[in-house]
Structures are given as structure tokens and as C-alpha cells.
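This briefing is meant to be read beside the sequence and the coordinates.

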Amino acid sequence: MSRHLPALLFLVPLFAAISMPIVCLRHRAWSRSIALSVLCSMVVFSIMNLVNIFQHGEIHYAFSGWPPPLGIEWVADGLASVVLVALSLLGLVTLIFAGPTSPKDLGGRIVHYYTLILLLISALTGIVFAGDLFNLFVFLEVAALASYALVGVAGGKALMAAFRYLILGTLGASLYLLGVSYFYAETGTLNMADMAEQLPHLLTSKAVLGGLLFMFIGLGIKMALVPFHAWLPDAYTHAPDSVTPILAALVTKVALLGWVRIMFWVLGIKVAVDDTPVLLLVGLLGSLAAVIGAVLALTQQDLKRMFAYGGISHIGIILIGVSQGNQTGFVGGVFYLLNDAVMQASLFFIAGVAISLYGVYTIEDVGRIAKQSPLLTSALVIAAMGMIGLPPTGGFFGKWYIILGALEANNYVAVGAVLLSTMLTLAYFVRIFERVFRHAPTLSDARPIEIPIQIKLSVGFTSMAIIVLGLLSDPIVGLLIDHTLPPGL
Amino acid sequence: MVEVFAAIFERPNFLTFVVIFLWGFYIMVTRYNLVKKLVGMYLVQTSVIFFLVSISAKKGATVPILLSPTASVQAIDYVNPLPHVMTLTAIVVGVATLGVALALCSAIYRTYGSLDEEEILKKLE
């Protein structure tokens, strides 16, 4: 049973997504309970899978019994299992959040929404587990198609944003496929483990380096790394409020995980272009992204757009962490990835409530929330503390390990970039807090609005998680060091 | 200089791939009509598929079905089937993407009454 958990984790949401349009043709209200029960079972399965992997080591799952490298292989190792637990938990919390906001927000397209969410989650599971470069491409595209449709599901301004996202995303996927075909032409295999055995002899080959470049640009577009981030702010700003949290928390991070998989499990850390290690270049790009994203966030007026640029800057920080080429940095990056997923979800929950219940779109108006809802304000404060990286939250420990890793690698540019982006993050949250705490009451403040219990639950859960991840950072980082490190690091 | 050109023309499939890819990319960047952008996008996807097929081409080989059940298998006699299978999957993915893109286009047309990017951006403001 436990050997089949990885396949089960993928198949349950996939079949639910396929059958939902038929089952819910007459009874549209069923879609929500089906989706919730699927996500609940996924949470249980993913935790069982995590415990199983931590106890008995990684599982190599060969579909329909064809042994790799001929068959398609799935690798359920520590990293995949940890990310999967975060993925299913955040998916469940987003669905709980979507209950009261979605009917108005989505223009009545409830069944479309739940079908696409389940499809997205099954595809993300596929990316996390894929042990085969072409398989990774297929799941990347399924996840991307579901995200384009989710961005545009409610129509209106989001349609144009979804179209741009689609054009750029497809360009990225084509470049990734081109990279895969270079690798295939050079090694004659698509299986990651098999390729990792052959590549050490071929690292000077121009085809491998060219393929690596194309793959990196392709995945860079998917993870919204700075020169390729143009699609993200518009898509996240205009997407429905019940869609943005799951996109912000999961899609870009899972694309980054795909890159980590290729970089560390297929190529190894020694790959270099003319004696310059590729990891160093990736780290430089990450530093650029961390600083530029934060600068752009500082100049925004729109609340959702500011958080979107904050997410772009944090992708850079995660990249800095994983590209230091030592254990401390890698584990810090992975830990920060988990934290960032939770923080992004929390921020976009808050932005969604602010828009749908209080009509607050810009930073000018944020003060209205402070008077009406102390709960939401405290959640915003906790999320901001995480984003800035203040001690009791997980964000602090993530950045701490990343900086330690960078110091260990004598990479002072990276240290400077993390510190600078922290300062800038502090600056743009100070702008919000200035509005929150220095707001003169006006007449419209008198009208109290009851926040639905589902929203309180989801916002409360993410705020708790930000702090719990910080308080338990020692044991969690210990487990990550024991179980998620790539071979040869 | 001459050697560089000679090396390029030794591999006409690479040259064709680069031309189709850049052509598609140029259309995607320069045209304002959304459907024309999709044509460019499809050209980019097709160029990668073309590249995959062209690297698996082999002279004097046949389809990967055993010529006789008893004779020993010589890999040189058969074409590698894997790139073709990948191509097939990539085509399916491309068609699905195009479907979503056309659905978005029709929704945009119903909302804004135009497919011209500049007009739509004017109406958005």
C-alpha cells in the first residue's frame, strides 16, 4: 500500500478533476464537497507518504512495471515528500478560503474553478515526483494550462493577463522542450538517474551547455525569475481572489523545484562554463531578482501587485540559497521555499479579504481594515514579519541559513543581496503600516463587517504556520538535512 | 568565416529549425492581432517538434517493427521510436495550449469587441 502512495496522490485529484464536470452537471453545489474531500485525503496520504519515506528511504516507482530507464519513473524522495505535504495543505486551506469568496468572485463558474484547481494540484504533484525530463515537461504544461484557465476563469480584465501569461508560458515550455531534446540527442536517455550517470563525461559538450541554458530560460519564465517576470504581476493582480493564493504559493515554487531537480540530481554541482560554475551564475541572477523585485514592489500602489513583486523578489532569495553549493545554503533555500509558500498564501488571503469585503485595492485605503478588523491586521503584521524576516517567524531562520551558506561559500555578493532585499522589504511594509496605524477614522468606518468563519480559519492557519515554522525551525532543518540533500552535496 | 557557413549548411535541419523558430518569435513580438500572435506561438512550438524529429532521422533504416521474429535484432536497421513518441505528446500538448488560447481569444472578443491588442489596452484604461 505505502509503496503506491505516490501514484495514488496523483491519481486521486486527476480522476476527481476529470469526472467532476460530468458528476456536477446537475448538482453544482457538490463540486465543493468533492474537492474538499479529495484535498483532505491528499493531506492524509501525503503525510503517510512523508512518514514512510523518512522511515524507509526513497521510493522509485516504475509505472506499469516497466523498469527505468525504459519505463517512466517517479522518484518519491525526501524533498518531493516534504514539498508535497506543503502543497496539499496549502491547497486545502485555499479551498476552505474559496468557500465564501468564490461565488461572487468567479461569476458563478464554481464547477470550472474546482475542476481546474484539482487538475492544477494533480499536475503539480506530477512535477514534484517526476524522475524523467520529458515527463516533467508534460506536467509543467498541464499545470500551466490549468493556471492560464484559472487566471481567466472569471473574465473581465484578467482575460488579457491570462493571454499574455499563456504566450510567455508557452514560449518557456518550448525552450524547455528544446533543452530536453539537446540532452536527449547527447545522451540518448530521458531518465534523470540514467542521464546523471552519463553526463559527467559530457560536461564540456556544447550541446549539454546549450541545452542547460535553454532549460534554464524555459523554467525561468515559469518561475518568474527577474528578466522573465513580465507576465506575473498582471496575472496575479487581475486573477480572482480565490485563485491568486494558490498560484502565488505553489506554481512558481514548484517550477523552481523542477530546476533544483535538474541542477542537482541530473547535472551535479560541478558543471561549469569555461571554468565559471553555473551555480555561481544562477546565484547572481537570484541576487538580481531579489533586489530588483523588492525595488519594484516598493514603487507599487496596488496591494495585490505589491505582494506579487514581493513574491518575485523571494524567488530570487530561494535561488540564492540553493545555488551556494553547500549543505547549509541548500537546506536554507528549501526551508525558505516552504516558508515563502505559506507567506504568499497568507498575504494573498489578506489581499483577497481586503478587496472582497472591504473594497480596499490600494495602499492608500489599507487603513480602513485596521479600524474594522483587528484579526486581519494581526494576520497582516505576522505575514509582514515573515516577509521581512523578523526572529520568531520562519522567514528569519530561512534567511539566516541562506546567509550562513553564502558566508561559507565566501559569496559576499549573495549576502549583500539578501540583506539589501530585506531592507527594501522592510521599506515597503513600513509604507503599509504607516497607513494601517496612522489612519484617521472616517464615517465609513462605523459599519462593521462580519468575516466568514472559513476565511478566519484559513487566515488563522497560515499565520499560525508562519510562526510554528519559525519556532520549530531547528527540528525541521535537522530533518531536511537528513533527508532532502541531493547526492554529492 | 567560410568554415562557419560551411558547418551551418552541413546541417540543414538545424538551419531550418532556427529559421522557423525565429520567424515564429518575430511574429509573436511584432503583431498586434492576438490570433496572429497565436500563429507565431504555434510556429515556435512546431519548430521544436521539427528539431526533435530531424535529430532522429536515419538513412537506410525502417520502422521499429521486427523484420522477422527469429533473426537477431540489429539496432542500425531500425529508426529510434522514442523521439517520435515524444513528438506525438508534444503535438498533443501544443493542441491543448492552442485550444485554451483560442478560448481566451473568443472570450476577449466577446468582452472587448476587438482582437487588436492596442485597442483592447485602450479600453482597459
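Predicted model: local features only at pLDDT ≥ 70, side-chain atom pairs only at ≥ 80, totals over all residues.

**Helix H16 of chain A**

- Helices (H or I, at least four residues) and strands (E, at least two) are DSSP runs, numbered from the N terminus.
- The buried residues of H16(A) include A:Gly394, A:Gly395, A:Gly398, A:Lys399 and A:Tyr401, where buried means under 20% relative accessible area, exposed means over 50% and partly exposed lies in between (1.4 Å probe, protein chains only).
- Among the elements that cover these buried residues are H12, helix H13 (327–358), helix H15 (374–388) and helix H17 (412–437) of chain A.
- Just after H16(A), A:Asn410 takes a positive phi of about 55°.

- A:Leu303 lies in helix H12 (residues 303–322) of chain A and is buried, with a relative accessible area of 5%.
- Leaving aside residues up to four places away in sequence, A:Leu303 touches A:Ala351, A:Ala354, A:Tyr361, A:Thr362, A:Ile363, A:Val366 and A:Ile432, a contact being heavy atoms within 4.5 Å.
- A:Leu303 and A:Leu347 are 44 residues apart in sequence, and their C-alpha atoms are 9.7 Å apart in space.
- A:Ser242 is placed in the loop between helix H9 (231–238) and helix H10 (244–267) of chain A, and at 0% relative accessibility A:Ser242 counts as buried.
- With residues up to four places away in sequence again not counted, the residues that A:Ser242 touches include A:Thr94, A:Phe97, A:Asp105 and A:Tyr113.

**The contact between chain B and chain A**

- Chain B gives 35 residues to the contact and chain A gives 27 residues.
- The area buried between chain B and chain A is about 2,700 Å², of which carbon and sulfur atoms give 86%; buried area is the accessible area (1.4 Å probe) that two parts lose on being put together, summed over both.
- Between chain B and chain A the count is one salt bridge, defined as a side-chain nitrogen of Lys or Arg within 4 Å of a carboxyl oxygen of Asp or Glu.
- On the side of chain B that touches chain A, the elements that give two or more residues are helix H2 (12–30), helix H3 (34–55), helix H4 (82–112) and helix H5 (117–124) of chain B.
- The largest share of that side, 16 residues, comes from H4(B).

**Salt bridges**

- Over all chains the count comes to nine salt bridges.
- One of them joins A:Asp77 and A:Arg261, whose closest N and O atoms are 2.9 Å apart.
- Because A:Asp77 lies in the loop between strand E2 (73–76) and helix H3 (78–105) of chain A and A:Arg261 lies in helix H10 of chain A, the pair ties together parts that are 184 residues apart in sequence.
- A:Asp77 counts as buried at 3% relative accessibility, and A:Arg261 is buried with a relative accessible area of 4%.
- The side chains of B:Glu117 and A:Arg164 meet in a salt bridge (3.0 Å, N to O); B:Glu117 is buried, with a relative accessible area of 10%, whereas A:Arg164 is partly exposed at 32%.
- B:Glu117 also meets B:Lys37 in a salt bridge (3.6 Å, N to O), and since B:Lys37 lies in helix H3 of chain B and B:Glu117 in helix H5 of chain B, this pair ties together parts that are 80 residues apart in sequence.
- Salt bridges that share partners join A:Arg164, A:Asp234, A:Arg305, B:Lys37 and B:Glu117 into one network.

Note on methods
Residues numbered from 1 in each chain as written. Chains lettered and ligands numbered in written order. Heavy atoms only, no water.
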